[in-house]
Amino acid sequence: MDFLRARTWAEALELKAERPEATPIQGGTDVMVEINLDRGRPAALLDLNTVGELAGWSREGEWIRVGAGVTYARLIDELGEVLPGLAQASRTVGSPQIRNRGTLAGNLGAASPAGDGHPPLLASGAVVEAESVRGVRLIPIARFYTGVKRNALAPDELIRAVRVPTAAGPQYFSKVGTRNAMVIAVCSFAIALHPENRRVGTGIGSAAPTPLRAVAAEAFLAGELDWTLGRAGGSALDPEVAARFAELVAGAAAPIDDVRGRAAYRSHALAVMARRTLGWAWHDYLRAGRGAR
Amino acid sequence: MRVNVTVNGRKTAADDVWEGESLLYVLRERLGLPGAKNACEQGECGSCTVYLDGTPVCACLVAAGQAEGREVVTVEGLASGDAQAAGEGGLHDVQRAFLAAGAVQCGFCTPGLIVQAHALVERAAGRVPDDAEIREALAGNLCRCTGYEKILDAVRLAAAQRATPTAPTPSP
Ligand SMILES: Cc1cc2nc3c(=O)[nH]c(=O)nc-3n(C[C@H](O)[C@H](O)[C@H](O)COP(=O)(O)OP(=O)(O)OC[C@H]3O[C@@H](n4cnc5c(N)ncnc54)[C@H](O)[C@@H]3O)c2cc1C
Ligand code: FES
Ligand code: FES
């Protein structure tokens, strides 16, 4: 095995072009588990910790560009206000030690259907910034996941950053597991309301071969919600609308029975999470509307 | 390969390191520092917790080569001076609090918990964290023996002790 060290982003891209089989490593919280447990032995490790360009985030208009090296701990501390859904999901990842090392780009690289970063990225409509010596490619998040633990990166590409729209409305993330910490999701769900264009975003985790949006549920809800915050300060959520939304979310998934849960349980839990997170989000939407007047 | 790393304030180098090796293996097997424990090698138990550039991490998940040129502090580095020579007197306050509270049984989880508790007590900087905060901070450290209650006591004790000697005088 070789250990390749990149000092700059340009160097990292060159190394990846020369050695497309090399496994990039950031927090190592997925890569090192594989090596320690002898589940696979990469031909080479390409360490990105030393690439300074990846370590920060920046605001670019209505977007936040999260560098590939930004840890969950920093997402929580520094981006909780502007990317609330992602920060909520980050808080549920592993343990403090894991959050101190693990990164969103690592979550995308691993592309586990259970990764907690995926649902909020789907709900907010993020874009993955992939780069190689050939150039930059912007991959819409919904097209990034191509199969179980597979993603749309070419062999010579690396993730430079994830671009996430700043929240213009309420966002929530919810996850089912057996304890409050150190839990791989049995299933998870994220919702984002986009009042600026009266759209709804969703993301489902751990209930299909890939993370995915509940597209029909989004369209249904966007059409049913009474977005107008009129004199009465907007109207309460219609329970029938919430129930139908929940049903459509559960219907979008393709869960299986496995050690963490049964398919039927996952469908049920998804519907519950969809209804609850919608309730919280709508409550916030109305409250913010009232506060604005 | 060779890995140059500062451990507990001393610059040191490990030779013949395999490229897929973890920092934990380097510390224990190559640098003679068995404080950080190896229990799961998959980030689940926290018994290998060390500081990497001031941040607590699982040493089993850091590739040895990633520690190149960086600073590591292990549980051995928390005690002041030569702990063995000084006896219990050389121990850090957090270590003493664990002894006083009876938070150590078999002791396997202890080094990782000491480092993680140390980080919490330092961050609290004289405030005694509430239960929820302590539980959250220690959520990545498993203990099979104590049932955790005495560990919580130890953290509260260490935090309170840190508060007392340097208690800031209230500003006017
Ligand atoms: C104890 C434990 C608990 C965990 N709990 C959770 C949890 O609750 N939720 C969750 O979602 N995950 C969890 N994980 C999994 C893991 O922490 C996350 O997937 C994390 O986001 C991985 O980030 P990393 O930086 O450590 O990735 P690494 O391990 O460094 O890399 C992961 C993958 O991404 C690739 N990669 C890394 N960086 C790049 C890049 N810039 N470009 C292209 N590819 C790249 C790597 O080659 C590898 O395939 C847990 C892991 C452990 C050990
Ligand atoms: S040995 Fe590293 S977390 Fe268990
Ligand atoms: S004291 Fe034995 S594992 Fe904690």
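**Close-ups of a predicted two-chain model**

**View 1. R70(B) sits in the loop between strand 4 and strand 5 (71-73) of chain B.** Strands here, like helices, are DSSP runs numbered from the N terminus (E, at least two residues, for strands; H or I, at least four, for helices). This is a predicted model, so to speak plainly: local features need pLDDT of at least 70, side-chain atom pairs count only at pLDDT 80 or more, and totals for chains, interfaces and linings use all residues. Residues are numbered from 1 along each chain as its sequence is written, chains are lettered from A and ligands numbered from 1 in the order in which they are written, and side-chain values use heavy atoms, with hydrogens and water left out. The side chain of R70(B) meets that of D53(B) in a polar contact of 3.0 Å. For a polar contact, take a pair of N or O atoms within 3.5 Å; within protein, one must be able to donate a hydrogen and the other to accept it, and residues adjacent in sequence count only if both atoms are side-chain atoms. Leaving out residues up to four places away in sequence, R70(B) touches N49(A) and R101(A) on one chain, and N4(B), V5(B), T6(B), L52(B) and D53(B) on the other. Touching, or contact, means heavy atoms within 4.5 Å.

**View 2. Here chain B meets chain A, with 33 residues of chain B in contact with 28 residues of chain A.** About 2,300 Å² is buried between the two chains, and carbon and sulfur atoms give 56% of that. Buried area is the accessible area (1.4 Å probe) that two parts lose on being put together, summed over both. The rule finds one salt bridge across this interface, the criterion being a side-chain nitrogen of Lys or Arg within 4 Å of a carboxyl oxygen of Asp or Glu. E136(B) and R99(A) form a salt bridge, with their closest N and O atoms 2.6 Å apart. On the side of chain B that touches chain A, the elements giving two or more residues are strand 3, strand 4 (55-58) and helix 5 (131-137). Strand 4 of chain B has the largest share, four residues.

**View 3. Chain B splits into domain 1 (3-77) and domain 2 (81-163).** Those bounds come from an automatic or database domain assignment. The contact takes 14 residues from domain 1 of chain B and 13 from domain 2 of chain B. Together the domains bury about 1,100 Å², 64% of it on carbon and sulfur atoms. T49(B), Y51(B) and V75(B) supply 42% of the area that domain 1 of chain B buries against domain 2 of chain B, more than any other three residues. The salt bridge count between the domains is zero, while five residue pairs make polar contacts across the interface.

**View 4. R162(B) belongs to helix 6 (residues 149-163) of chain B.** At 26% relative accessibility, R162(B) counts as partly exposed, a label for anything between buried (under 20% relative accessible area) and exposed (over 50%), with a 1.4 Å probe and protein chains only. The side chains of R162(B) and E122(B) make a polar contact at 3.3 Å.

**View 5. Helix 8 (residues 215-224) of chain A has A217(A), E218(A), L221(A) and A222(A) as its buried residues.** They cover an arc of only 125° around the axis, which puts them on the same side of helix 8 of chain A; the arc is that of the directions from the helix axis to the C-beta atoms. On the other side of helix 8 of chain A, V215(A), A219(A) and G223(A) are exposed.
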